[in-house]
Amino acid sequence: MSSSFGQLFRLHTFGESHGGGVGVIIDGCPPRIPLSEADIQRELDRRRPGQSEIVTPRKEADTAEILSGTHDGVTLGTPIAIVVRNTDQRPSSYDEMAVKYRPSHADYTYDAKYGIRAPSGGGRASARETIGRVAAAAVATQVLKALHPGIEVLAWVKSIHDLNATVDPETVSFETIEGNIVRTGDPAMVEPMIERIKEVRADGNSVGGVVECVIRGCPPGLGEPVFDKLEAELAKAMLSLPATKGFEIGSGFAGTLLTGREHNDPFRMIDGKIRTTSNRSGGIQGGISNGENIVFRVAFKPTATIMTSQDTVTSSGENTELKGRGRHDACVLPRAVPMVEAMATLVLMDHLLRQRAQNGFPPVEEKSHEDDFDPNETSAPADLG
Ligand SMILES: C=C(O[C@@H]1CC(C(=O)O)=C[C@@H](OP(=O)(O)O)[C@H]1O)C(=O)O
């Protein structure tokens, strides 16, 4: 199913940029978890267009409506449907792009696959699709708070074009990141990054960059050892976001420059816990979390739709040129931060439920009738921390 994600906490997103609306249906959310529209809106507001002078000026309030799955402010355990209506479509900007393929956008490949596409807006390939993911992750965050309160997922802009931020994943705070419109964790880089985005936009051009993310407080034991390794799940989740072109975890590609002696993370007992004294593994070993911070990076390419004439072809096969029109991000990075956090949260949520389902209960021979599984129990089992 092309628009579904997750095994136990399963979501289906729907919608096109210029259709009636976008949203998500979540199946498998545990019952009796506090959930309000305000919990979802808080996260959608960090993702929405028009939020600052350096993002797409399309004016959408992105107001979330919960259509099902809650009662009196708590989840029912039934499917949760969340919809956001589109209100500010300008289809005329797309008249030319309906027949001329935007270089490096999804226009040609959608046609090649389906023989048809929504010609107005980015269609299904628009970043508006990520509204469903961010809304689902806001629900997952509520569940995580109940099942495993210590977990924190935090992302920031690590680089824009060749401008690099210096950020310590151990200590960077949400307040520092949300305190600037770029969402970088390095106050010294805020102005240079804003200037760079403004410069390329004024030049009808675009730039990409890297989002870095840390998951703090993740218990050891999450992730499956073979195909569904936690880093494989994170990689797939991140590379499913629009405009992504790269993923690396821990030492990543730079780790290839080290020897094993230099690269291994030595173990030590610290405060009664098994810890490592370095973290080149990025918190995952053998596909399973080891309790250290999970640190990874995601590369976003320069936005495809640029206001510069470039070679392209028409859908009927003639060589031509196309200059983009409409309202677009000259750099997706500031709005990509909540998208990366959302996908990381969804992976964690699914794997916490999977761990709980397979390993979260005492072995059968140790069980007495008194400690039979209580379906009303929502707290994390002891071995999940
Ligand atoms: C509106 C959003 O971003 C949009 C992403 C996008 C694209 O092609 O990806 C194209 C623009 O919108 P439109 O489809 O109206 O041209 C952006 O503004 C959003 O993320 O909410």
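**A cavity and its surroundings**

Tutor: Ala304 counts as buried, because its relative accessibility is 14%. (Buried means under 20% relative accessible area, exposed over 50%, and partly exposed in between, with a 1.4 Å probe and protein chains only.) The model is predicted: local features need pLDDT of at least 70, side-chain atom pairs count only at pLDDT 80 or more, and totals for chains, interfaces and linings use all residues. Residues are numbered from 1 along each chain as its sequence is written, and side-chain values use heavy atoms, with hydrogens and water left out.

Where is Ala304? It sits in the loop between β16 and β17. (Helices are DSSP runs of H or I with at least four residues, strands are runs of E with at least two, and both are numbered from the N terminus.) β16 covers 294-300 and β17 covers 310-313. Set aside residues up to four places away in sequence, and Ala304 touches Pro103, Ser104 and His105. (Contact means heavy atoms within 4.5 Å.)

Look at Ser104 next. It belongs to the loop between β7 (80-85) and α2 (107-114). Ser104 is exposed, since its relative accessible area is 58%. Its phi is near 65°, a positive value in a residue other than glycine. Most residues other than glycine have a negative phi. Arg183 is another non-glycine residue with a positive phi, about 65°. Arg183 lies in the loop between α4 (174-178) and α5 (190-202). Arg183 is buried, because its relative accessible area is 5%.

One cavity of 30 Å³ or more turns up in a search of the whole structure. (On a 1 Å grid over the protein atoms alone, a cavity is a set of points where a 1.4 Å probe fits but cannot get out; a pocket is an open set with protein on both sides within 12 Å along at least five of seven lines; lining residues have an atom within 4 Å of a point.) The largest cavity holds about 50 Å³ of space. (Points join across faces, edges and corners, and a volume is the space filled by probe spheres set on them.) Its lining is Arg102, Pro103, Ala304, Thr305, Ile306, Thr308, Gln310, Leu322, Lys323 and Gly324. By class, that lining has four nonpolar, four polar and two charged residues. (Ala, Val, Leu, Ile, Met, Phe, Trp, Tyr, Cys and Pro are nonpolar; Asp, Glu, Lys and Arg are charged; the others, Gly among them, are polar.)

UniProt, in an unreviewed entry, lists "binding site" for Arg124, Ala125, Ser126, Gly286, Lys301, Pro302, Thr303, Ala304, Thr305 and Arg327. These positions span 204 residues of sequence, and in space they reach up to 44.1 Å between C-alpha atoms. Of these residues, Ala304 and Thr305 are included in the lining of the largest cavity. (UniProt positions use the numbering here, feature names are shortened, and annotations may be inferred rather than shown by experiment.)

Like Ala304, Pro302 lies in the loop between β16 and β17. Beyond its neighbours within four places in sequence, Pro302 contacts Ser206, Val207 and Gly208.

The unreviewed UniProt entry also places a "binding site" feature at Arg47. Arg47 lies in helix α1. Is Arg47 buried or exposed? It is buried, since its relative accessible area is 0%. Leaving out neighbours within four places, its contacts include Asp62, Arg128, Arg335 and Met339.

Arg128 also touches Glu60. Glu60 is in the loop between α1 and β4 (64-68). At 2% relative accessibility, Glu60 is buried. Its side chain makes a polar contact with the side chain of Arg58, at 2.9 Å. (That is a pair of N or O atoms within 3.5 Å; within protein, one must be able to donate a hydrogen and the other to accept it, and residues adjacent in sequence count only if both atoms are side-chain atoms.) A polar atom of the Glu60 side chain also lies 2.8 Å from the backbone nitrogen of Asp88.

Finish with α1 (37-47), which supplies at least two residues to the lining of the second largest pocket. This pocket holds about 500 Å³ of space. It has 22 lining residues, and the closest to its centre are Glu43, Thr141, Val153, Glu341 and Thr345. α3 gives the largest share, seven residues. The lining splits into eleven nonpolar, four polar and seven charged residues.
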